[in-house]
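Take a look at the structure below.

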Amino acid sequence: SETGCLSIIVLGASGDLAKKKTFPALYHLYRQGFLHSNEVHIFGYARTKISDDDLRDRIRGYLGKDAEHVSKFLQLIKYVSGSYDSEDGFQLLDKEISQHEESKNSTEGSSRRLFYLALPPSVYPPVCRMIKKCCMNKSDLGGWTRIVIEKPFGKDLESAENLSAQIGELFEEPQLYRIDHYLGKELVQNLLVLRFANRFFLPLWNRDNIANVQIVFREDFGTEGRGGYFDEYGIIRDIIQNHLLQVLCLVAMEKPVSLKPEHIRDEKVKVLQSVLPIQDNEFVLGQYEGYRDDPTVPDQSNTPTFATVVLRIHNERWEGVPFILKAGKALNSRKAEIRVQFKDVPGDIFKCQKQGRNEFVIRLQPSEAMYMKLTVKQPGLEMSTVQSELDLSYMQRYQGVPIPEAYERLILDTIRGDQQHFVRRDELKAAWEIFTPLLHRIDNGEMKPKEYQPGSRGPVEADELLAKVGYVQTHGY
Ligand code: BG6
């Protein structure tokens with residue numbers, strides 16, 4: 001049932017994620033009419049003993065400039081304080097939610113309870129136990145209880161499976177929404193449409209035509225302020241094992257039977273299960289100079305802040321095509337993109353091959369765009385060729401159409417009960433299987449990352465690896 005009284009409970013309400021992402025996303029949904037004040041109530045829960053107004057004051061600045069609407073929205077929020085493993089706290093929370101449900105006369109409809117865990121994973125198990133014990137939806141008229149959790153889901157295969165098992169004992173898979181916010185990005189959501197609704201791509205999207213695929217994430221700032229968290233995880237766990245791997249799935253998967261979430265996720269799992277073990281000479285790790293100056297980072301830390309890893313998918317479509325996943329902090333730019341490079345044209349009569357190959361680039365951020373790099377005749381009297389682009393820039397083409405924040409979209413999906421853009425348990429397991437052996441070697445100190453200058457392209461060895469697996473640098477963009 002998707003109607004009736006809705007309670008959204010943000011656990012970890014006074015933390016960073018809640019302030020910067022969760023509450024602003026809820027506010028935008030409210031502003032666009034997806035949350036109606038006559039049926040929605042929002043609860044913040046955390047340990048800090050503060051008042052409703054204190055919480056409202058803390059988040060007000062993150063919501064927007066429209067003071068009147070912001071105030072109205074803030075009035076929907078109530079704060080409950082309690083610890084994450086105390087029955088008292090959760091019983092109080094349940095009482096508050098029930099009161100709200102009664103006041104909204106939920107006998108007319110079912111009651112829906114959405115728990116958003118903006119918390120570190122170490123407290124997921126106790127919090128889930130408490131929710132299960134004290135706070136489940138009790139309406140006889142149907143409704144639901146759903147749990148939203150965020151990465152890191154564990155640190156390796158074993159710990160992730162352990163976490164999954166603990167939570168899985170309490171909640172069924174359809175109640176669990178594992179967020180990977182990259183799945184909420186506009187151009188990531190566009191991937192299936194691009195691939196399966198366009199005749200252009202259907203016959204080309206395979207090993208016969210594609211030379212290599214790069215999925216790249218760059219940030220032009222370091223781990224400022226979160227060195228402690230980051231050092232425990234590193235760039236592979238922070239970005240590659242989840243965000244970039246999810247994108248890889250959508251680029252590489254077969255056409256699903258339908259758009260049903262289970263059909264899509266079935267195909268994603270198959271891709272992950274087809275990835276071969278990472279080869280010793282097919283990754284490069286880096287750490288930027290100055291990373292260890294952060295007082296929260298140990299002096300001897302070997303944690304990579306940069307990595308390039310080549311994945312090989314062992315199936316009929318992709319055998320022999322390297323998928324290069326690259327992510328780094330403190331690089332020369334902030335950008336996330338997918339770069340599909342096509343093979344050379346056989347029997348080139350224009351001698352234009354050295355100008356570069358055809359590429360299809362999907363820029364996820366900033367300035368969403370996609371463009372095709374292609375060879376055309378240089379305008380003029382001479383018969384010479386030049387590389388140019390067919391360019392779809394969202395800012396120009398969809399001027400004035402706002403692109404929703406990833407979190408906004410994903411929370412709305414949760415309310416609607418659509419799990420298409422969430423990570424299923426077997427998907428998570430398969431993702432950890434790929435990276436766990438390499439991660440263990442890094443954790444054991446077997447691997448020393450190469451040092452690179454902040455503001456650079458990362459270690460030169462990464463460019464050498466790219467060239468080695470067949471990427472041909474092109475001109476232009
Ligand atoms: C988070 C990582 O998941 O994604 C951060 O923990 C990273 O380290 C962030 O900065 C990047 O997200 P976005 O949406 O800004 O690309």
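The paragraphs below go from the ligand to the strands, then to charged pairs and the surface. Keep in mind that this is a predicted model.

Start at the ligand. It has 13 residues around it, and those that come nearest are Tyr182, Lys185, Glu219, Asp238 and Gln365. Aspartate 238 places a polar side-chain atom 2.5 Å from an oxygen atom of the ligand. For lysine 329, an N or O atom of the side chain is 2.7 Å from an oxygen atom of the ligand. For lysine 151, the distance from a polar side-chain atom to a ligand oxygen is 2.8 Å. On its own the ligand has 400 Å² of accessible area, and the protein covers 81% of it.

Now turn to the strands. Strand 5 (residues 143–150) and strand 6 run in the parallel sense and pair over 4 bridges. Valine 148 stands opposite tyrosine 177 of strand 6. Strand 6 spans residues 176–179. Leu176 and Arg178 point one way from this strand, while Tyr177 and Ile179 point the other way. All four side chains are buried.

Next come the charges. Side chains of opposite charge can pair when their charged atoms come close. The structure holds 36 salt bridges. One of them joins arginine 60 to aspartate 57, with the closest N and O atoms 3.0 Å apart. Both residues belong to helix 2 (residues 52–60), and because they are 3 residues apart, about one helical turn separates them. Arginine 60 is partly exposed at 34% relative accessible area, and aspartate 57 is partly exposed at 49%.

Which partner is buried? Glutamate 267 is, because its relative accessibility is 9%, and the cut-off for buried is under 20%. Lysine 270 is partly exposed at 46%.

Glutamate 337 pairs with lysine 335, the closest N and O atoms being 3.9 Å apart. Glutamate 337 is buried at 7%, whereas lysine 335 is partly exposed at 27%. Elsewhere, salt bridges link Glu262, Arg265, Asp266, Arg424 and Asp426 in a network.

Finish on the surface. Ile349, Phe350 and Met383 form a nonpolar patch there, with about 380 Å² of accessible area together. Isoleucine 349 sits in the loop between strand 11 (335–342) and strand 12 (359–365). With 68% relative accessibility, isoleucine 349 counts as exposed.

Key. Residues are numbered from 1 along each chain as its sequence is written. This is a predicted model: local features need pLDDT of at least 70, side-chain atom pairs count only at pLDDT 80 or more; totals for chains, interfaces and linings use all residues. Side-chain values use heavy atoms; hydrogens and water are left out. Patches are made of residues with over 30% relative accessible area and no salt bridge: like charges are joined within 9 Å, nonpolar side chains (Val, Leu, Ile, Met, Phe, Trp, Tyr) within 5 Å. Accessible areas come from the Shrake-Rupley method with a 1.4 Å probe; for residues, only the protein chains shown count as cover. A salt bridge is a side-chain nitrogen of Lys or Arg within 4 Å of a carboxyl oxygen of Asp or Glu. Helices (H or I, at least four residues) and strands (E, at least two) are DSSP runs, numbered from the N terminus. Buried means under 20% relative accessible area, exposed over 50%, partly exposed in between (1.4 Å probe, protein chains only). A residue is near a molecule or strand if one of its heavy atoms lies within 4 Å of it. A polar contact is a pair of N or O atoms within 3.5 Å; within protein, one must be able to donate a hydrogen and the other to accept it, and residues adjacent in sequence count only if both atoms are side-chain atoms. Two strands pair if DSSP finds at least two bridges between them.
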